[in-house]
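Please load the model in your viewer and keep the selection panel at hand. The tour goes from one selection to the next, and each stop says what is found there.

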Amino acid sequence: MSGDGGTPGNSGYGRKAFKRSRSHFADRITADGRDGWPVAPGRYRLVVSRACPWASRALVSRRLLGLEDALSLAVTDPLQDDRSWRFTLDPDGRDPVLGIRYLSEAYDRRETGYPGGVSVPAIVDVPSGQLVTNDYQQITLDLATEWTSLHRPGAPDLYPDALRDEIDEVMAGVYEDVNNGVYRAGFATGQEEYEAACAGVFRRLEALTPRLERQRYLVGDTITEADIRLFTTLVRFDAVYHGHFKCNRWKLTENPVLWAYVRDLFQTPGFGDTVDFDHIKRHYYQVHTGINPTAIVPLGPDLSGWLTPHHRQELGGRPFGHGTPPEPVRADEAVPAPGRP
């Protein structure tokens with residue numbers, strides 16, 4: 001995950017003040033190739049962990065925009081070792097396209113001796129094997145705006161021009177208090193630091209509640225980048241942030257508006273079909289040994305509620321705008337549905 005890799009070893013989590021790293025490799029893949037990386041089908045490989053909320057943004061965007069054939073996917077093991085993200089889910093422990101055992105090898109090909117952490121999401125140039133970017137804030141915006149020539153017919157506009165200022169404003173608050181706030185609470189090393197971060201998480205969620213009580217989506221009447229960014233934190237909330245990160249003033253299931261909102265998105269093609277609760281729980285509880293030294297993974301919460309009716313359609317809204325839902329998820333990228341092994 002972005003920012004996690006700078007901590008010295010898994011046992012270091014919760015023992016040093018948390019600070020999210022800036023993306024060191026911020027080149028952009030653009031339609032005009034101005035950074036030297038032009039959009040091209042099949043040239044790049046997206047590396048993700050299904051455990052990571054930052055990487056999950058890219059998974060959702062790629063599905064919604066129909067970029068599966070244009071941008072191939074590598075999924076890492078949810079459990080890291082001291083060399084960080086590894087491809088032990090693949091035969092022989094190597095990514096079948098890049099031929100590497102660790103994502104760090106692509107970082108090394110780009111910059112030998114890079115001193116920072118190895119984070120996902122990452123996009124790798126297949127011909128050279130070099131990392132192109134690990135800029136988790138920009139990757140999805142570029143998928144929505146620079147990769148349009150490769151979008152599927154009926155792809156939604158996830159970052160519409162007319163709404164960008166409002167989307168940016170909403171996302172800034174969500175990032176600071178929710179996306180990043182749960183980490184600042186979970187990795188806090190002192191009581192005051194924890195309480196400030198935890199209070200900020202719930203203050204922001206409570207501020208978003210009346211907004212989402214009135215309208216189906218965060219900005220406008222369609223799904224946008226803002227919804228993707230909030231979703232990837234909310235879908236993990238009760239499973240890991242409530243207990244593991246001590247964000248436990250209330251569970252998401254105890255907020256009727258937010259619980260219905262996130263279920264609506266979860267049941268929308270492109271969202272829930274990218275979520276792997278097993279990877280999520282095992283990563284957080286088994287990797288962050290500084291705050292969970294036993295590495296015991298809890299049995300709960302009950303996941304069956306994710307597929308229950310949400311009634312959000314009564315608020316109106318058009319999930320994909322003038323577009324259409326994505327095709328069913330490909331068999332080689334399918335994840336287990338909640339409540340199923």
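**Starting point: alanine 295**

Select alanine 295, which at 23% relative accessibility counts as partly exposed, where buried means under 20% relative accessible area, exposed over 50% and partly exposed in between, with a 1.4 Å probe and protein chains only. Alanine 295 has a positive phi of about 60 degrees although it is not a glycine, and it lies in the segment after H10; helices (H or I, at least four residues) and strands (E, at least two) are DSSP runs, numbered from the N terminus.

Before moving on, note that this is a predicted model, in which local features need pLDDT of at least 70 and side-chain atom pairs count only at pLDDT 80 or more, while totals for chains, interfaces and linings use all residues. Residues are numbered from 1 along each chain as its sequence is written, and side-chain values use heavy atoms, with hydrogens and water left out.

**The rest of the segment after H10**

Stay in the segment after H10 and select proline 301, which is placed there; a cis peptide bond joins glycine 300 to proline 301, with omega at about 0 degrees. Then go to glutamate 327, also in the segment after H10, which is exposed, with a relative accessible area of 62%.

Next, select aspartate 92 in the loop between strand S2 (72–75) and H2. Aspartate 92 has a positive phi of about 65 degrees although it is not a glycine, and at 66% relative accessibility it counts as exposed. Proline 121 is found in the loop between helix H2 (104–110) and strand S3 (122–125), and the peptide bond that joins valine 120 and proline 121 is cis, with omega about 5 degrees.

**Aspartate 177 in H4**

Which residues does aspartate 177 touch, not counting residues up to four places away in sequence? Select aspartate 177 in helix H4 (residues 164–179) and show its surroundings: Val182, Arg184, Gly200, Val201 and Arg204 are the residues touched, where contact means heavy atoms within 4.5 Å. Aspartate 177 is buried, with a relative accessible area of 14%.

The structure holds 23 aromatic pairs; rings of Phe, Tyr and Trp (its six-membered ring) pair if their centres lie within 6.5 Å, and planes under 30 degrees apart count as stacked, over 60 as edge-to-face and the rest as tilted. Phenylalanine 245 and tyrosine 284 form an edge-to-face pair, 5.7 Å centre to centre and with 80 degrees between the planes. Because phenylalanine 245 lies in the loop between helix H8 (237–241) and helix H9 (256–266) and tyrosine 284 in helix H10 (residues 277–287), the pair ties together parts that are 39 residues apart in sequence. Phenylalanine 245 counts as buried at 0% relative accessibility, and tyrosine 284 is buried with a relative accessible area of 0%.

**Helix H9**

How many of the eleven residues of H9 are buried? Ten of them are, so that the helix is mostly covered. Colour the buried ones, among them Trp259, Tyr261, Arg263, Asp264 and Phe266, and then show helix H6 (191–214), helix H7 (225–234) and H10, against which the buried residues of H9 pack.

**Zooming out**

Finally, select the whole protein chain, which has ten helices and four strands, in the order β-α-β-α-β-β-α-α-α-α-α-α-α-α from the N terminus on. Its C-alpha trace spans about 50 × 50 × 40 Å along the principal axes. With 341 residues, a compact globule would have a radius of gyration near 20 Å, and the 19 Å of the protein chain agrees with this; the radius is taken over C-alpha atoms, and the globule rule is 2.2 Å times the number of residues to the power 0.38. Buried residues make up 56% of the 341 residues, and residues 24 or more positions apart account for 71% of the contacts with a separation of 6 or more.
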